[in-house]
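Keep it to geometry and contacts.

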Amino acid sequence: MQAIYSEVADQLLILEAELRRMELWQSEPPPAEALASSEPFCVDTLTLPQWLQFIFLPRMRVMIEQEVPLPRECSIAPIAEEFFKTRGGAEELIVILEQIDQRLRLG
């Protein structure tokens, strides 16, 4: 396994832990139709934390398990900055997302 896969897998665990710490982790998934949105980040049907939990994390885990090429450009941190700008308290989450974005860019 290439280093990027284990490094990104570790970052995903940190992301999940932070979502749980922030109490943004949900025990029940949204309805299937909400997960099937064709909009980027499912902005029309999910919150960013929901997208991270139910779309991003599962897809990235599958890609890592199958060792398929990972996306080079996600740019999730800027979306998180915008999403949390009026909510506050997400500085650590944004740092984690910046680290994931940066690692994926490096390939």
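Axes here are lines fitted to C-alpha atoms, for helices over the stretch in contact, and angles run from 0 to 180 degrees between N-to-C directions. Helices are DSSP runs (H or I, at least four residues), numbered from the N terminus. The model is predicted: local features need pLDDT of at least 70, side-chain atom pairs count only at pLDDT 80 or more, and totals for chains, interfaces and linings use all residues. Residues are numbered from 1 along each chain as its sequence is written, and side-chain values use heavy atoms, with hydrogens and water left out.

**Helices α1 and α3**

- Helix α1 (residues 3-21) packs against helix α3 (residues 48-66) at an angle of about 160 degrees, and their axes are 11 Å apart.
- That angle makes α1 roughly antiparallel to α3 (angles over 145 degrees count as roughly antiparallel).
- The two helices cross in a left-handed sense, meaning that the near helix is turned anticlockwise from the far one by less than a right angle.
- On the α1 side the contact (heavy atoms within 4.5 Å) is made by Y5, V8, A9, L12, L15, E16 and L19; on the α3 side it is made by P49, L52, F56, L57, M60, R61, M63 and I64.
- By class, the residues of this contact are 13 nonpolar, no polar and two charged. Ala, Val, Leu, Ile, Met, Phe, Trp, Tyr, Cys and Pro count as nonpolar, Asp, Glu, Lys and Arg as charged, and the others, Gly among them, as polar.

**Helices α4 and α5**

- α4 and α5 pack at an angle of about 160 degrees, with 8 Å between their axes.
- They are therefore roughly antiparallel to each other.
- The crossing of α4 and α5 is right-handed (the turn is clockwise).
- I76, A77, P78, A80, E81 and F84 of α4 meet L93, I94, L97, E98 and D101 of α5.
- This contact has eight nonpolar, no polar and three charged residues.

**Nonpolar core**

- A nonpolar core is a set of buried Ala, Val, Leu, Ile, Met, Phe, Trp, Tyr and Cys residues joined through side-chain atoms within 4.5 Å; buried means under 20% relative accessible area (1.4 Å probe, protein chains only).
- The largest such core has 32 residues, of which L15, W51, L52, F56 and L97 touch the most other members.
- α1, α3, α4 (76-84) and α5 (91-106) each supply at least two of its residues, and α3 gives the most, with eight.
- Leaving aside residues up to four places away in sequence, W51 touches F41, C42, L46, F56 and I76.

Notes
Parallel < 35°, antiparallel > 145°, perpendicular 65-115°, else oblique. Buried < 20%, exposed > 50% of the residue type's maximum accessible area, 1.4 Å probe, protein only.
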